[in-house]
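Thanks for taking a look at this one with me. Below are some numbered points to read alongside the sequence and the 3D view.

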Amino acid sequence: MAETIKKVNKKEAILKAALQLFSQRSFYGTTMPDISTLADVGAGTIYRYFTSKEALVNALFFRIMTEFDQRLESDFPNGMDTRIQFHHLFQSLWGYVVDNTQAFVFINLHDEGKYLDERSHASFDKLWNFITTIIDKGQQRGDVVDLDPKSIVSLVYGPLIPISKLLINHKYTASKDFVYALEEATWRAVSSK
């Protein structure tokens, strides 16, 4: 039993180190020896869990996207009006950014990486499709401006990317008033009313 726990801890240490380095240095700027040093495991240990750097980044990407998607879909107020759904979506996005800033930066550095496999792309598409479906339904109700739903998602999601970098790089703390104002400004940008 102790061996299993030790292996799980090593694997988690590798994933944690990979997240930190891939978020700071990118995929191409990170080496497997860098990851093993930060994870405090032998260089060959990584290959017991991941066959390559591509396999490692894909395992990490898929895991993070699955957690992110679960966060957004959890307790989603289906059947409620568009503004309530938008509030839930925005607060879930914001909460994820604050609670998982490094993971959010990682997603946005790697979401178009040529090294991502089909499973990773599908996990990103699942989240993107969930959000665009909410926007599309809001448009059908006449509550959201008539633009391509993906463009609208970019208006909502886009500002969170530089803010996440402020949170991670400058130890920025956003007040509740700031978050409220950001949500309101974003809603006004996409609302048709």
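1. A word on terms before we start: two residues are in contact when they have heavy atoms within 4.5 Å. With that in hand, take Phe68, which touches Leu93, Tyr96, Phe104, Ile107, Leu127 and Tyr157, leaving out residues up to four places away in sequence. Please keep in mind throughout that this is a predicted model.

2. Now the overall picture. The protein chain has 10 helices and zero strands, so its pattern along the sequence reads α-α-α-α-α-α-α-α-α-α. Along the principal axes, the C-alpha atoms fill a box of roughly 60 × 35 × 35 Å. Of the 193 residues in the chain, 45% are buried. Among contacts between residues at least 6 apart in sequence, 70% join residues at least 24 apart.

3. Which residues have the most contacts inside the largest nonpolar core? They are Phe22, Ile35, Leu56, Phe68 and Trp94, in a core of 56 residues. Helix α4 gives the largest share of this core, with eight residues.

4. Next, how α4 sits against α7. Helix α4 (residues 53-73) and helix α7 (residues 118-140) pack at an angle of about 20°, and their axes are 8 Å apart. Because angles under 35 degrees count as roughly parallel, α4 is described as roughly parallel to α7. The crossing of α4 past α7 is left-handed. On the α4 side the contact includes Phe61, Phe62, Met65, Phe68 and Leu72, and on the α7 side Phe124, Leu127, Phe130 and Ile131 are among the residues involved. Sorted by class, the contact of α4 with α7 has 10 nonpolar, three polar and four charged residues.

5. From α4, Ile64, Glu67, Phe68, Arg71 and Leu72 take part, meeting His88, Leu89, Ser92, Leu93, Gly95, Tyr96 and Asp99 of α5. The contact of α4 with α5 divides into six nonpolar, three polar and three charged residues.

6. Arg63 is also in helix α4. Is Arg63 buried or partly exposed? With a relative accessibility of 30%, Arg63 counts as partly exposed. Beyond its neighbours up to four places away in sequence, Arg63 touches Glu12 and Leu15.

7. Ser164 belongs to helix α9 (residues 160-169) and counts as buried, at 1% relative accessibility. Apart from neighbours within four places in sequence, Ser164 is in contact with Val97, Thr101, Phe104 and Val105. Trp187 lies in helix α10 (residues 176-190), and at 12% relative accessibility Trp187 counts as buried. Trp187 is in contact with Thr82, Arg83, Phe86 and Asp143, again leaving aside neighbours within four places in sequence. The C-alpha atoms of Trp187 and Phe90 are 9.2 Å from each other, while the two residues are 97 residues apart along the chain.

8. Finally, two backbone points to check by eye. Most residues other than glycine have a negative phi. Ser26 is not a glycine, yet has a positive phi of about 80°. Ser26 is found in the loop between α1 (2-25) and α2 (32-39) and is partly exposed, with a relative accessible area of 27%. Asp40 likewise has a positive phi, near 60°, and is placed in the loop between α2 and α3 (46-49). At 70% relative accessibility, Asp40 counts as exposed.

Methods
Residues are numbered from 1 along each chain as its sequence is written. This is a predicted model: local features need pLDDT of at least 70, side-chain atom pairs count only at pLDDT 80 or more; totals for chains, interfaces and linings use all residues. Side-chain values use heavy atoms; hydrogens and water are left out. Axes are lines fitted to C-alpha atoms, for helices over the stretch in contact, and angles run from 0 to 180 degrees between N-to-C directions. Helices (H or I, at least four residues) and strands (E, at least two) are DSSP runs, numbered from the N terminus. Angles under 35 degrees count as roughly parallel, over 145 as roughly antiparallel, 65 to 115 as roughly perpendicular and the rest as oblique. A crossing is left-handed if the near helix is turned anticlockwise from the far one by less than a right angle, and right-handed if clockwise. Ala, Val, Leu, Ile, Met, Phe, Trp, Tyr, Cys and Pro count as nonpolar, Asp, Glu, Lys and Arg as charged, and the others, Gly among them, as polar. Buried means under 20% relative accessible area, exposed over 50%, partly exposed in between (1.4 Å probe, protein chains only). A nonpolar core is a set of buried Ala, Val, Leu, Ile, Met, Phe, Trp, Tyr and Cys residues joined through side-chain atoms within 4.5 Å.
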